[in-house]
Amino acid sequence: MRDTPTPMDPRGLPHVTPPAIRLFNTMTMQKELLQPAIPGEVGVYVCGPTVYSYIHIGNARTFTSFDVVVRYLRHRGLKVRYVRNFTDVDDKIIKAAAETGEAPVELAARYVEIFREDTRALHLLEPDFSPRVSDHLPEIIAIIQKLVDKGHAYASQGDVYFSVSSDEDYAKLSKRNLDELCVGERVQPGEQKREPLDFALWKAAKPGEPAWESPWGPGRPGWHIECSAMSAKYLGETFDIHGGALDLIFPHHENEIAQSESANGVTFARYWMHCGFLDLEGAKMSKSLGNVVRLRDALTKVDPEALRFFFLATHYRHPLSFSDKALADAETRMEYFYETLRKVDERISGKDFGKGPLHGDPQRFFTEFESAMDDDFNTAGGLGSLSGLFGMMNELTDKPPVKDKALVGRTLHALREDVRRVSSVLGLFEDAPDAWLLRRRERAVRERGIDVAEVERLLGERTAARAAKDFAAADRVRSELKEKGVEIMDTPAGTTWKVAPLQG
Ligand SMILES: [Zn+2]
């Protein structure tokens with residue numbers, strides 16, 4: 001368990017009251033107050049990737065949403081135990097391995113590393129535990145045995161199936177009706193199950209596939225059972241929050257509940273959270289349509305924090321539409337934030353403005369941010385309060401409404417500290433402003449084919465013209481640069497330039 005220090009506010013006051021965080025529980029379809037089973041501690045389990053390929057930006061959105069949930073719970077002083085699994089035994093992995101000629105476990109291990117690299121690039125925190133199926137066969141076999149012993153599962157020619165009719169409240173999460181579910185379902189030729197809705201807990205070994213010994217003969221686990229076995233191992237038979245993408249509700253999460261509650265006789269997850277879909281300019285992303293955008297490819301085009309900003313600017317439960325334009329807009333917004341921070345840092349860093357009152361009520365933005373986040377992790381609302389915070393920073397640096405420089409300095413300092421606190425929750429503004437802005441410029445220069453040497457030469461000409469008080473010539477250079485898509489800014493620290501946003 002990670003040790004989270006009690007968060008302090010800038011006035012040195014610890015949070016003394018337990019946080020009142022409400023979240024939408026898919027099980028009850030209502031917002032509920034989060035009341036962890038053990039006060040002050042929260043167990044979180046998120047269904048992780050099946051590691052047979054690169055993850056796409058829809059997966060990235062889901063994992064970013066839960067990354068922020070975990071960060072925020074910790075910010076609020078809760079001890080979080082965060083588990084996200086790797087499905088490294090699966091039909092898709094076996095199929096992909098047959099194509100590349102690798103052993104399935106090798107291919108899966110390779111994509112685990114790729115997943116780690118890609119998610120690290122997106123500033124996702126590493127979970128406390130990342131269990132893999134291939135390391136948990138004893139736990140998986142034990143829970144299947146328990147289900148067989150209790151009459152909830154049956155062996156059939158080397159397979160083991162869960163008997164859906166043995167579970168009275170099956171489908172309570174998706175609220176589906178069993179009769180409807182049965183329509184069109186048939187036991188397929190070659191399947192050894194009794195009823196069409198029964199699902200495999202264990203699959204008998206087929207030639208050339210990875211297999212483990214079991215009481216039912218050699219084979220491998222079905223997909224759903226791993227999450228029941230691994231969540232119980234790391235979080236207990238009952239834990240607080242179970243999360244995943246919306247399309248996992250049926251059948252995956254439904255089957256997890258059926259397995260765990262039938263085996264253990266207690267409530268499985270106390271709160272269910274599901275992240276909405278991401279589509280591609282209105283069309284569903286799918287491998288068969290060939291319109292899947294990999295996270296890795298998206299990150300060559302856009303800054304990771306801009307991608308996070310794009311995800312977080314919409315509430316996690318709402319659908320989100322991905323497009324190049326939306327990404328470009330997110331990056332322009334991040335550029336505005338970082339330009340503001342650069343200006344503020346130039347003004348206040350290394351200076352002591354003494355103790356004393358602040359101008360206006362700068363703390364209100366952070367209070368608003370927390371209120372939004374307390375309301376079902378509303379990052380969209382939280383980012384809205386940041387607009388006010390950055391607006392106040394700009395006003396205080398560009399045209400301060402008061403003359404008292406120490407007062408302005410202290411207020412800017414307080415606002416900058418609040419940005420740091422937001423940063424640790426959202427995973428934004430983690431970079432030094434200069435470094436971020438330079439990277440953004442380099443990417444834009446490459447995309448637009450701008451000749452940097454030519455820009456530097458013209459800037460030198462303009463500096464010389466200004467020194468000679470030839471302002472007409474200086475303005476001509478500015479216009480010439482503007483035509484090339486370059487915007488120049490004169491600051492107290494000297495002249496800088498950036499690539500102007502594309503019009504339209
Ligand atoms: Zn799962």
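Strand 5 and strand 6 pair in the antiparallel sense over four bridges; strands here are DSSP runs of E with at least two residues, helices are runs of H or I with at least four, and both are numbered from the N terminus. Two strands count as paired if DSSP finds at least two bridges between them. Within this pair, Ala155 has Val160 of strand 6 as its bridge partner. This is a predicted model, in which local features need pLDDT of at least 70 and side-chain atom pairs count only at pLDDT 80 or more, while totals for chains, interfaces and linings use all residues. Residues are numbered from 1 along each chain as its sequence is written, and side-chain values use heavy atoms, with hydrogens and water left out.

The pair belongs to an open, antiparallel sheet of four strands in the order 5-6-7-8. At its edges are strand 5 (153-156) and strand 8 (219-221), each pairing on one side only. From one strand to the next the twist averages 20°. Helix 4 (residues 137-149) packs on this sheet and touches strand 5, strand 6, strand 7 (199-204) and strand 8; contact means heavy atoms within 4.5 Å. The direction of helix 4 makes about 120° with that of strand 7, where axes are lines fitted to C-alpha atoms (for helices over the stretch in contact) and angles run from 0 to 180 degrees between N-to-C directions.

A further open sheet has three strands in the order 12-11-13, with mixed pairing. Strand 12 (283-284) and strand 13 (320-322) are at the edges with a single partner strand each, so one side of each has no neighbour in the sheet. Strand 11 (residues 278-280) pairs with strand 12 in the antiparallel sense over two bridges, and Asp279 stands opposite Lys284 in strand 12. Helix 9 (residues 304-312) packs on the sheet, touching strand 11 and strand 13.

| Helix 4 | 137-149 | strand 7 | about 120° |

The zinc ion has Cys47 (SG), Cys227 (SG), His252 (NE2) and Glu256 (OE) as its protein donors, at 2.0 to 2.2 Å. Donors are N, O and S atoms within 2.8 Å of the metal (3.2 Å for Na, K and Ca), and sites may look incomplete as water is not among the atoms. Cys47 lies in the loop between strand 3 (41-46) and helix 1 (57-75) and Cys227 in helix 6 (residues 225-235), so the two tie together parts 180 residues apart in sequence.

Two backbone details remain. The peptide bond from Phe250 to Pro251 is cis, and Pro251 lies in helix 7 (residues 249-264). Ala171, although not a glycine, has a positive phi of about 75°.

Mean pLDDT (the predictor's confidence in each residue, from 0 to 100) is 92 for the protein chain. Over residues 1-11 the pLDDT is below 50. Where pLDDT is low, the predicted coordinates should not be read in detail.
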